[in-house]
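Reader: I am new to this structure. Could you show me how to read it, feature by feature?

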Amino acid sequence: ETHSTLPDSFAMLRASIVLAIAAAASAFAPGPILTSSRTAARSNAISSMQMQAKSKALPWLDRPPKLDGTIPGDSGFDPLWVTSMLPDKGWVKYLQEAEIKHGRIAMLAVVGAIVQDVYRFPGVDSVIGTAKLTAVHDKFLALEATKGSGYATMHQIFLWVGLLEIFSSIATIQMFLGNSDRVPGSFGFDPLGFGGPGGVGSETYRLKEIKNGRLA
């Protein structure tokens, strides 16, 4: 009877050793394979990162998604990714509008700075003398302080520019809300027909306006 139980004991011992080895080996076995959907999502994310277009202005940075090259003058320059923080494209159009307006003011200022050295309007010298550029601003403020509201030139400029901004903001707000297909900066003012018949070539002039405004 003793002899018959020994083989059974050895058999149980061998089985226990095999099970222990199998359990230890399973700890170093690779994990379960990802499902096909998770694998596809991961591969798509990796490929989209690899295929992300680079900024033309800053080639070592990725191009912000909302600067897709459809905006005149867009070179992908947005190192802080401000456009990506904005909720929708209406905000991007608003920033376009602001840049165009400031660019136009800057271009007019550059023309004025040059013209004053070439031509003097009659009566100007009797008011501001030979003052130029920022000295004209200081001269008008001095005249207002010494002679009263009759020389409130700066206030008049502020008034008319403010009224113009208020009336023009109606079209800007409609564009911002997406209620119109208006192009940023467009007020239908083209007396010389630079846009050509049906607006042909207008993209070229919009690009030139943006570049010259930035230069100014």
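Reader: In which helix does K101 lie?

Author: K101 lies in helix α4, residues 89-115. Helices here are DSSP runs of H or I with at least four residues, strands are E runs of at least two, and both are numbered from the N terminus. Note that this is a predicted model, where local features need pLDDT of at least 70, side-chain atom pairs count only at pLDDT 80 or more, and totals for chains, interfaces and linings use all residues. Residues are numbered from 1 along each chain as its sequence is written, and side-chain values use heavy atoms, with hydrogens and water left out.

Reader: Is K101 buried or exposed?

Author: Start with the cut-offs. Buried means under 20% relative accessible area, exposed means over 50%, and partly exposed is in between, with a 1.4 Å probe and protein chains only. K101 has 18% relative accessibility, so K101 counts as buried.

Reader: Which residues does K101 touch?

Author: A contact means heavy atoms within 4.5 Å. Not counting residues up to four places away in sequence, K101 touches E165, S168, T172 and F187.

Reader: Let me step back to the whole chain. How many helices and strands are there?

Author: The protein chain has 8 helices and 0 strands. Read from the N terminus, the order is α-α-α-α-α-α-α-α.

Reader: What share of the residues counts as buried?

Author: Of the 216 residues in the protein chain, 17% are buried. The chain exposes about 16200 Å², and carbon and sulfur atoms supply 69% of that area. Such areas come from the Shrake-Rupley method with a 1.4 Å probe; for residues, only the protein chains shown count as cover.

Reader: At what angle do α6 and α7 pack?

Author: First, the method. Axes are lines fitted to C-alpha atoms, for helices over the stretch in contact, and angles run from 0 to 180 degrees between N-to-C directions. Helix α6 (residues 134-147) and helix α7 (residues 153-176) pack at about 110 degrees, with axes 8 Å apart. Angles under 35 degrees count as roughly parallel, over 145 as roughly antiparallel, 65 to 115 as roughly perpendicular and the rest as oblique. So α6 and α7 are roughly perpendicular to each other.

Reader: Which residues make that contact?

Author: From α6 come H137, F140, L141 and E144; from α7 come T153, M154 and H155. By class, the contact has 3 nonpolar, 3 polar and 1 charged residues. Here Ala, Val, Leu, Ile, Met, Phe, Trp, Tyr, Cys and Pro count as nonpolar, Asp, Glu, Lys and Arg as charged, and the others, Gly among them, as polar.

Reader: Which residues make up the largest nonpolar core?

Author: The general idea comes first. In soluble globular proteins, nonpolar side chains tend to be buried together. A nonpolar core is a set of buried Ala, Val, Leu, Ile, Met, Phe, Trp, Tyr and Cys residues joined through side-chain atoms within 4.5 Å. The largest one here has 5 residues: I128, A131, V136, F140 and L143. Helix α6 gives the most to this core, with 3 residues. Leaving aside neighbours within four places in sequence, V136 is in contact with I128 and A131.

Reader: What is the phi of W81, and what is the phi of L133?

Author: Most residues other than glycine have a negative phi. W81 is not a glycine, yet its phi is positive, about 55 degrees. L133 also has a positive phi, near 50 degrees. W81 is found in the loop between α2 (36-50) and α3 (82-85), and W81 is partly exposed, at 30% relative accessible area. L133 is found in the loop between α5 (125-128) and α6. At 56%, L133 is exposed.

Reader: Which residues does Q116 touch?

Author: Q116 touches K132 and L133, not counting residues up to four places away in sequence. Q116 lies in the loop between α4 and α5, and is buried at 16% relative accessibility.

Reader: Last one. How many residues along the chain separate K208 and P72?

Author: They are 136 residues apart along the chain, with C-alpha atoms separated by 8.9 Å. K208 lies in helix α8, residues 202-215. K208 is partly exposed, with a relative accessible area of 45%.
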